[in-house]
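Here are my notes for your first look at this protein. Keep the structure open and check each point as you go.

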Amino acid sequence: MSVPKNKTILMVALDFPPCQSAGVQRTLKFAEYLAALGWQPIVLTVNESVYGSVDSHIKIPESIKVYRCKSLDSARDLSIKGKYFSWSKVPDRWWSWAISAVPLGKKLIAKYKPDIIWSTYPVSTAHYIAYKLHKQSQISWVADYRDPLQCRYDSNAQQYSFVAKWIEKKTITHCTKAVFTTEKSAQLYRRLYPNEKLAKFCVIENGFDEANFNDLPTVDTIDTSRFTLLHSGAVYPQGRDPQALFSALSMLKKAGSIDRSNFVLVFRGAVNSSAVKSQVNELAIEDIVEFRANIAYKESLAEMMSANALLLIQGKLFNNQIPGKAYEYIRCNKPILALTPEEGATGTLLSTVSATEVAETRENIKQAILRMLEQQPGGERQSAHYSRYAKTQQLDLLLRALD
């Protein structure tokens, strides 16, 4: 039975097109497919000038009503000669959004009378805004946490964490449902909040959107004469460190298994920091490792589809999480090299996916790459249940159950 046409959902999200961010797709596709399932999505977001990087090719369907309000990026707008006080980013860089979003949200509630309020992390301010709107209206509230609060798993993120934890406590205590992208994350929060009902904590995984793979542009960024292992997205020392991979490539190069004529590792959209440059140069693999600038979302998908294999790095720090990119990798139907613990959420998922190698140590990575160089392309993966539409159907059922 479909949802009645008069159902309305107010969605509070900082990342929304034209923002060029990995987090955009979850909110955008939930909104788009909820509209197809009978809901009227009303999106409360920020003015476009806040976004550091934009992609004008990402279109917002006409079925979604979008309202933008003022916000600053404190790291950019409150800095002096590139420096700023750390407290100015508490609970996040966009806290000023709440000043205009709460009154605008109240006006939207008066105008549209939404049946549900929905807000999404990793920006704590979004949950704070939704909390204030829920308290005023008493409308059912679904808090999409996606991943755990960073200070819950990262000891380096403890400064001023009491503010984020205060917002988290208000959110978990007052929301109707708290949604996470992995069962491990949901279990963590069930332990953190033992007085809350277990049923409050739900799981709706990330996924890929099949429509995004239609009409992909032609790209000439892949050198077809060489085996291209592609990583799409950021790398950093804590949690996404490619050092073990670099060591494995050095071993393979010394053994004569790979060289610049037959192999290249491409990092798309990752910063080539001085530390990474030093690692690459010391291992003498600078001729087989390339760092390339960000490209538009559809172009990045086309590039993934053209590569020989796809690289994902998800260290132990992120054991409770699965990056949304993993599902796009699955849909691309290319071999996947996942540098991640087998027992983590990402390792557990990808261990069940065909043509995927899960490895951590440099020796295991080396052997995995050798197997990938030798293997022939396989058949199509069964990936439909990872689609964004399937995930939105789950959200639709959850929302209907709140009536």
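1. **Burial.** A residue is called buried if its relative accessible area is under 20%, and exposed if that area is over 50%. This is a predicted model. Of the 403 residues in the protein chain, 54% are buried.

2. **Overall form.** The protein chain has 13 helices and 13 strands. Its C-alpha atoms fill a box of roughly 70 × 50 × 40 Å along the principal axes. The radius of gyration is 22 Å, which agrees with the value near 22 Å for a compact globule of 403 residues.

3. **Contacts along the chain.** Take the contacts between residues at least 6 apart in sequence. Of these, 75% join residues at least 24 apart.

4. **Surface and charge.** The accessible surface of the protein chain is about 18300 Å². Carbon and sulfur atoms account for 51% of that surface. There are 50 positive and 39 negative side chains. The centres of the two sets lie 8 Å apart.

5. **Phe 180.** Where does Phe 180 sit? Its place is in strand 6, residues 177–180. Phe 180 counts as buried because its relative accessibility is 0%. Leaving aside residues up to four places away in sequence, Phe 180 touches several others, including Tyr 145, Tyr 189, Phe 201 and Ile 204. Ile 204 is 24 residues from Phe 180 in sequence, yet their C-alpha atoms are 6.1 Å apart in space. Phe 180 also belongs to a cluster linked by ring pairs, together with Tyr 121, Tyr 145, Tyr 189 and Tyr 193.

6. **First ring pair to inspect.** The count of aromatic pairs comes to 17. One of them is Tyr 33 with Tyr 389, an edge-to-face pair. The ring centres are 5.2 Å apart, with 90 degrees between the planes. This pair links distant parts of the chain: Tyr 33 is in helix 1 (residues 24–36) and Tyr 389 is in helix 13 (residues 388–400), 356 residues apart. Tyr 33 counts as buried, at 13% relative accessibility. Tyr 389 is partly exposed, with a relative accessible area of 35%.

7. **Another ring pair.** Tyr 236 and Phe 318 also form an edge-to-face pair, 6.4 Å centre to centre and with 90 degrees between the planes. Tyr 236 lies in the loop between strand 8 and helix 7, and Phe 318 in the loop between strand 11 and helix 10, so the pair ties together parts 82 residues apart in sequence. Buried or partly exposed: which is Tyr 236? Tyr 236 counts as partly exposed, at 31% relative accessibility. Phe 318 is buried, with a relative accessible area of 10%.

Methods
Residues numbered from 1 in each chain as written. Predicted model: local features only at pLDDT ≥ 70, side-chain atom pairs only at ≥ 80, totals over all residues. Heavy atoms only, no water. Helix = DSSP H or I, 4+ residues; strand = E, 2+ residues; numbered from the N terminus. Rg over C-alpha atoms; globule rule 2.2 N^0.38 Å. Buried < 20%, exposed > 50% of the residue type's maximum accessible area, 1.4 Å probe, protein only. Contact = heavy atoms within 4.5 Å. Areas by Shrake-Rupley, 256 points an atom, 1.4 Å probe, with all protein chains shown as cover. Lys, Arg positive; Asp, Glu negative; His and termini not counted. Charge placed at Lys NZ, Arg CZ, Asp CG, Glu CD. Phe/Tyr/Trp six-rings, centres within 6.5 Å; stacked < 30°, edge-to-face > 60°.
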